[in-house]
Every structure is written in structure tokens, then in C-alpha cells.
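User: I am new to this structure. Can you walk me through it?

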Amino acid sequence: MLDGKKFGLPCPKCGHKTEETIAWIKAHDDFVCAGCGETVQLDNKRLLADLEEVQKSVAETRKSLRRMGKRR
Ligand SMILES: [Zn+2]
């Protein structure tokens with residue numbers, strides 16, 4: 001559901017964030033930094049764990065919104 005969302009991949013060398021979609025990140029092992037041209041290995045396990053956290057918080061927000069709706 002979040003696959004089309006853009007995610008900023010920070011470059012360890014120059015700190016520039018290269019934006020790629022989550023679907024793209026899942027399909028690749030590395031990316032080329034748009035700031036310095038360095039090829040950066042994607043720490044997919046950590047990234048996807050972060051993304052899961054994002055997904056969870058989105059789900060939580062939806063749940064609480066629904067709860068608020070019911071109260072009305
Ligand atoms: Zn860079």
C-alpha cells in the first residue's frame with residue numbers, strides 16, 4: 001500500500017537524501033547517490049524494519065481516526 005510512497009535514502013558520504021519509492025527500494029540492493037554519485041549499499045533489513053514502523057504508525061493513525069469517527 002505504501003509501495004508508491006517516496007522514501008529519502010540518506011548517503012553516508014555526503015548526507016544527501018536520494019528519494020526512491022518503497023517498491024524501488026525493495027527491488028534493489030544499492031543506489032547511486034544523487035548528490036555525490038557514490039554507489040551506496042542499501043541496508044534493506046534495517047530500512048524495511050523502519051518502513052514497517054511507518055506502516056504501523058499509519059495503521060494506528062487510521063485506527064484512531066476510525067475510533068474518533070465512531071464517537072460522533
Ligand atoms: Zn552522496
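User: How confident is the prediction, as mean pLDDT of the chain?

Analyst: This is a predicted model. In the chain, 96% of residues reach a pLDDT of 70 or more. The mean pLDDT of the chain is 87.

User: What pattern does the chain follow along the sequence?

Analyst: Start with the parts: the chain has two helices and four strands. Now put them in sequence order. The pattern reads β-β-α-β-β-α.

User: What radius of gyration does the chain have, against that of a compact globule of 72 residues?

Analyst: Look at the box first. Along the principal axes, the C-alpha atoms fill roughly 55 × 20 × 20 Å. A compact globule of 72 residues would have a radius of gyration near 11 Å. The chain has 16 Å.

User: What percentage of the 72 residues is buried?

Analyst: A residue counts as buried when 20 or more other C-beta atoms lie within 10 Å of its own. Of the 72 residues in the chain, the buried share is 1%.

User: In which sense do β1 and β2 pair?

Analyst: Strand β1 covers residues 6-10, and strand β2 covers residues 17-21. Lys6 has Thr21 in β2 as its bridge partner. Gly8 stands opposite Glu19 in β2. Over five bridges, the sense is antiparallel.

User: Which residue in the turn between β1 and β2 has a positive phi?

Analyst: The two strands form a hairpin, with six residues between them. A phi of about 85 degrees occurs in that turn. The residue is Gly15.

User: Is Asp30 buried or exposed?

Analyst: Asp30 lies in strand β3. It has 11 other C-beta atoms within 10 Å. The cut-off for exposed is 12 or fewer, so Asp30 is exposed.

User: What share of contacts joins residues at least 24 apart?

Analyst: The count takes contacts in the chain between residues at least 6 apart in sequence. Of these, the share joining residues at least 24 apart is 17%.

Notes
Residues are numbered from 1 along each chain as its sequence is written. This is a predicted model: local features need pLDDT of at least 70, side-chain atom pairs count only at pLDDT 80 or more; totals for chains, interfaces and linings use all residues. Two strands pair if DSSP finds at least two bridges between them. The radius of gyration is taken over C-alpha atoms; the globule rule is 2.2 Å times the number of residues to the power 0.38. Two residues are in contact if their C-beta atoms, placed from the backbone, lie within 7 Å. pLDDT is the predictor's confidence in each residue, from 0 to 100.
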